[in-house]
Amino acid sequence: MRDRSHIEKTLMLNEDKPADDYSAVLQRLRKIYHTSIKPLEQSYKYNELRQHEITDGEITSKPMVLFLGPWSVGKSTMINYLLGLENTRYQLYTGAEPTTSEFTVLMHGPKLKTIEGIVMAADSARSFSPLEKFGQNFLEKLIGIEVPHKLLERVTFVDTPGIIENRKQQERGYPFNDVCQWFIDRADLIFVVFDPTKLDVGLELEMLFRQLKGRESQIRIILNKADNLATQMLMRVYGALFWSLAPLINVTEPPRVYVSSFWPQDYKPDTHRELFLKEEISLLEDLNQVIENRLENKIAFIRQHAIRVRIHALLVDRYLQTYKDKMTFFSDGELVFKDIVEDPDKFYIFKTILAKTNVSKFDLPNREAYKDFFGINPISSFKLLSQQCSYMGGCFLEKIERAITQELPGLLGSLGLGKNPGALNCDKTGCGETPKNRYRKH
């Protein structure tokens with residue numbers, strides 16, 4: 001068996017330092033979201049455009065590390081190895097055949113406990129309640145495992161079913177790609193695992209990489225089981241992996257590729273032990289970095305979400321204003337608005353937003369998305385931004401702009417300056433009750 005001391009040292013698992021109390025910062029973040037972002041989000045039905053609803057559980061959740069890749073490349077074995085679960089009753093089942101048919105979420109808990117998917121989705125205190133929209137068939141394929149492990153106090157691992165190229169989505173009984181997209185959108189780090197015998201890229205893997213577009217900074221490619229190959233063969237396989245992935249990852253800087261064997265057995269003789277060990281430590285440092293930056297990443301994520309909500313509200317407001325300007329006493333409202341939605345450039349909808357606001361053209365949503373959006377939501381169901389104000393509550397637009405330009409950067413700055421996050425008291429943060437579990441009877 002291999003020595004594990006480098007894992008414990010790099011991830012600082014043996015240090016008995018007191019855990020930082022970040023609950024006050026997270027509660028402050030939660031309050032900013034509920035008071036400054038959510039009202040505009042709900043008023044302009046942003047969730048129906050992006051299909052991404054942020055829950056309290058997601059705001060307060062730990063960083064998520066997602067494992068993707070073909071079947072039997074060593075994803076479950078790698079999780080067992082990182083957590084030291086092999087030969088214990090906690091270990092994930094592994095084998096040469098496709099063994100993982102469920103999405104398995106490994107979380108921290110006081111004792112070993114298995115949680116059914118239907119219970120995880122029903123508990124609004126967790127971040128998995130939005131998964132209910134994928135149906136009961138999927139919830140039967142979702143399982144949570146609580147393990148008393150120090151690493152899981154700071155991070156959550158998600159093991160996914162292996163990609164089998166000759167299997168269609170319909171055969172799984174649930175929308176596999178949509179579920180993967182849900183986890184990809186929320187993952188802080190994404191490990192895409194390959195082994196030297198499974199480098200071919202089929203339709204399902206191609207679709208997966210299409211879903212990873214825009215998340216390149218979170219992706220790490222892992223060439224696992226590397227000690228099975230002689231040096232010359234390993235170089236060829238490494239080149240073949242890049243050749244297979246090149247058409248799928250259209251970025252100037254390719255993602256980092258780690259070459260090693262992530263399992264507890266010692267490296268095979270006459271292989272590059274030192275290289276594999278250095279690669280493993282680099283990967284652990286990457287993981288540690290994500291854990292250390294969890295609050296910064298969370299605040300940046302909420303701010304990015306706020307920017308998108310603001311742009312959406314400005315666009316809907318512009319569509320509505322144009323509609324009101326073009327309507328006359330004799331106009332057919334449906335035909336007038338159909339003309340606007342079919343050709344927004346004719347009415348300078350998007351150009352006006354760019355000219356009158358500090359919105360980047362690269363952040364503007366797809367024009368086609370608004371055809372579908374207004375097909376479901378009639379324009380008459382919205383109010384102008386100028387009407388979204390109250391004497392006590394202020395204006396929705398001003399509140400979200402203050403959150404983007406002042407409140408969220410200020411919260412981020414307080415972390416960067418090393419201020420004690422716990423110093424924020426509940427008067428300022430609005431520490432509320434924990435969300436109720438609607439699955440249990442109260």
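Strand β1 (residues 64-68) runs parallel to β5 and is joined to it by 4 bridges, where helices (H or I, at least four residues) and strands (E, at least two) are DSSP runs numbered from the N terminus and two strands pair if DSSP finds at least two bridges between them. The structure is a predicted model, in which local features need pLDDT of at least 70, side-chain atom pairs count only at pLDDT 80 or more, and totals for chains, interfaces and linings use all residues. Residues are numbered from 1 along each chain as its sequence is written, and side-chain values use heavy atoms, with hydrogens and water left out.

Strand β2 (residues 103-108) pairs with β5 in the antiparallel sense, over 3 bridges; here Phe-157 of β5 is the bridge partner of Leu-106. In a regular strand, side chains alternate between the two faces of the sheet. In β5 (residues 156-159), Thr-156 and Val-158 lie on one side and Phe-157 and Asp-159 on the other, and all are buried, so that both faces are covered (buried, under 20% relative accessible area; exposed, over 50%; partly exposed, in between; 1.4 Å probe, protein chains only).

The structure holds 1 disulfide, a disulfide being a pair of cysteine sulfur atoms within 2.5 Å. It is formed by Cys-389 and Cys-395, with the sulfur atoms 2.0 Å apart. The torsion about the S-S bond of Cys-389 and Cys-395 is about 110°, and the disulfide is therefore right-handed. Cys-389 is partly exposed, at 35% relative accessibility, whereas Cys-395 is buried at 19%. Cys-180 is also buried, with a relative accessibility of 1%.

Aromatic pairs number 23, counted for rings of Phe, Tyr and Trp (its six-membered ring) with centres within 6.5 Å; planes under 30 degrees apart count as stacked, over 60 as edge-to-face and the rest as tilted. The ring centres of Phe-350 and Tyr-370 are 6.5 Å apart with planes at 75°, so this pair is edge-to-face. The pair links distant parts of the chain, 20 residues apart: Phe-350 belongs to helix α15 (residues 349-356) and Tyr-370 to helix α16 (residues 367-376). Both Phe-350 and Tyr-370 are buried. Phe-373 and Phe-374 also form an edge-to-face pair, because their centres are 5.2 Å apart and their planes at 75°. Phe-373 is buried at 2% relative accessibility, and Phe-374 is buried at 8%.
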